Amino acid sequence: METIGTWWMWAGFAAFVVVAIAVDLLVMERQGAHRVTMGEAARWSLLWFALAFVFVGLLWWYLDGSQGRDVANTVSMQFITGYLVEKSLSVDNIFVFLMLFSYFAVPPQYQKRALIIGIIGAIVLRTLLILAGAWLLATFHWLLYVFGAFLVVTGIKMWLAAGQEPDIATNPVLKLLRQRMRITDRFDGEKLSTMIDGVKHYTPLFVVLVLIGTTDIIFAVDSIPAIFAITSDPFIVLTANVFAILGLRALYFLLADLANRFHLLAYGLALVLVFIGTKMLLIDLVKIPIGYALLVTATLIAGSIALSLRGSGGSAARPAPPLPGKR
């Protein structure tokens with residue numbers, strides 16, 4: 001696997017991720033269970049966004065001095081494009097999280113713990129999938145065409161399914177949990193299990209965590225091939241993914257109340273997947289410069305957001321109706 005990442009770059013990034021998660025957990029522990037405000041979410045979102053661009057700035061500076069300006073520019077644009085794609089696709093995760101929290105009526109002060117645990121699991125899962133994917137692509141070049149076709153099909157399915165809310169009650173994982181485990185409707189603070197009449201029961205927060213984990217597996221299968229169409233360097237793929245995931249919790253609380261205002265974003269993301277999948281299918285025939293790929297991706301995402309806001313008249317979003325459930 002060819003990569004610009006040296007051993008100390010991999011080690012340094014791993015240390016950064018561990019410290020970032022530790023700080024997040026420490027802050028969460030000190031604050032205790034509380035409702036995250038819009039201002040707090042905005043500050044954290046800006047911090048994670050700024051850290052991603054500080055990282056790519058340092059990367060550009062290092063590569064400019066060691067491998068030349070052309071390599072530095074190309075790799076930096078690959079990171080920015082990959083980060084933009086992953087960050088945009090993570091908005092779909094946010095909509096699913098919102099539906100899960102609504103369905104199980106998770107109090108706002110308990111949601112952040114579920115999100116941070118889900119983020120840690122997502123980082124571990126995606127690291128394994130990215131390293132495996134990089135090895136497979138380096139060994140079997142024809143898998144690029146499989147990934148490309150998969151992304152095109154996924155984009156078309158996303159376009160057709162846009163605007164349709166999934167029925168969580170029919171989720172096979174939820175059905176299996178209810179069949180195999182004792183699950184209570186009551187929350188016990190931020191605990192994942194509780195004792196009722198001397199018998200251990202799992203709380204709705206545990207069920208939500210399991211569903212978040214299984215949802216991320218599905219989203220990872222979509223998003224990881226998308227970024228491999230931008231670059232096959234596992235270091236860039238991993239760092240772009242992780243930076244997008246690290247800011248997911250703050251982004252959720254920032255956008256949760258505005259979800260309905262971005263009703264056209266799913267169509268923009270669908271077009272992005274079709275474009276990236278087509279780019280991957282044509283990789284041996286037409287080399288689309290990374291600058292054009294970044295421009296097309298940014299235009300599709302920004303355009304769908306702008307049209308969404310224009311369609312809503314810039315007014316505040318109406319709260320989403322509660323999903324049908326046991327509560």
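Guide: A nonpolar core is a set of buried Ala, Val, Leu, Ile, Met, Phe, Trp, Tyr and Cys residues joined through side-chain atoms within 4.5 Å, where buried means under 20% relative accessible area, exposed over 50% and partly exposed in between (1.4 Å probe, protein chains only). The model is predicted, so local features need pLDDT of at least 70 and side-chain atom pairs 80 or more, while totals for chains, interfaces and linings use all residues. Residues are numbered from 1 along each chain as its sequence is written, and side-chain values use heavy atoms, without hydrogens and water.

The largest nonpolar core has 92 residues, and the members that touch the most others are Phe101, Phe104 and Ile276. Helix 3, residues 69–103, gives the most to this core, namely 16 residues; helices here are DSSP runs (H or I, at least four residues), numbered from the N terminus. Leaving aside residues up to four places away in sequence, phenylalanine 101 touches Val106, Gln111, Ala114, Leu115, Val208, Ile212 and Tyr252, contact being heavy atoms within 4.5 Å.

Aromatic rings come next. The structure holds 20 aromatic pairs, a pair being rings of Phe, Tyr or Trp (its six-membered ring) with centres within 6.5 Å, stacked if the planes are under 30 degrees apart, edge-to-face if over 60 and tilted otherwise. Phenylalanine 55 and phenylalanine 235 form a tilted pair, because their planes stand at 45 degrees, with ring centres 6.3 Å apart. This pair links distant parts of the chain, since phenylalanine 55 belongs to helix 2 (residues 38–66) and phenylalanine 235 to helix 8 (residues 234–246), 180 residues apart. Both phenylalanine 55 and phenylalanine 235 are buried. Their surroundings are aromatic as well: Phe55 and Phe235 belong to one aromatic cluster with Trp10, Phe13, Phe16, Phe49, Phe53, Phe79, Tyr83 and Phe243.

A further pair, tryptophan 159 with tyrosine 267, is edge-to-face, with 4.8 Å from centre to centre and 75 degrees between the planes. Tryptophan 159 lies in helix 5 and tyrosine 267 in helix 10 (residues 265–281), so this pair ties together parts that are 108 residues apart in sequence. Tryptophan 159 is partly exposed, at 40% relative accessibility, and tyrosine 267 is also partly exposed, at 25%.

Helix 5 itself runs through residues 143–161; its 19 residues reach 26 Å from first C-alpha to last, close to the expected 27 Å (1.5 Å times one less than the number of residues). Among its buried residues are Leu143, Phe147, Leu151, Gly155 and Met158.

Charged side chains complete the view. Three salt bridges are found in the whole structure, each a side-chain nitrogen of Lys or Arg within 4 Å of a carboxyl oxygen of Asp or Glu. In one of them, arginine 126 meets glutamate 86 at 3.4 Å, N to O. Arginine 126 lies in helix 4 (residues 108–139) and glutamate 86 in helix 3, so the pair ties together parts 40 residues apart in sequence; arginine 126 and glutamate 86 are both buried. Arginine 69 and aspartate 64 meet at 2.6 Å, N to O; arginine 69 is partly exposed at 46%, as is aspartate 64 at 23%. Lysine 191 bridges to aspartate 188, their closest N and O atoms being 3.8 Å apart; lysine 191 is partly exposed at 48%, and aspartate 188 is partly exposed at 28%.

Note on methods: Helix = DSSP H or I, 4+ residues; strand = E, 2+ residues; numbered from the N terminus.
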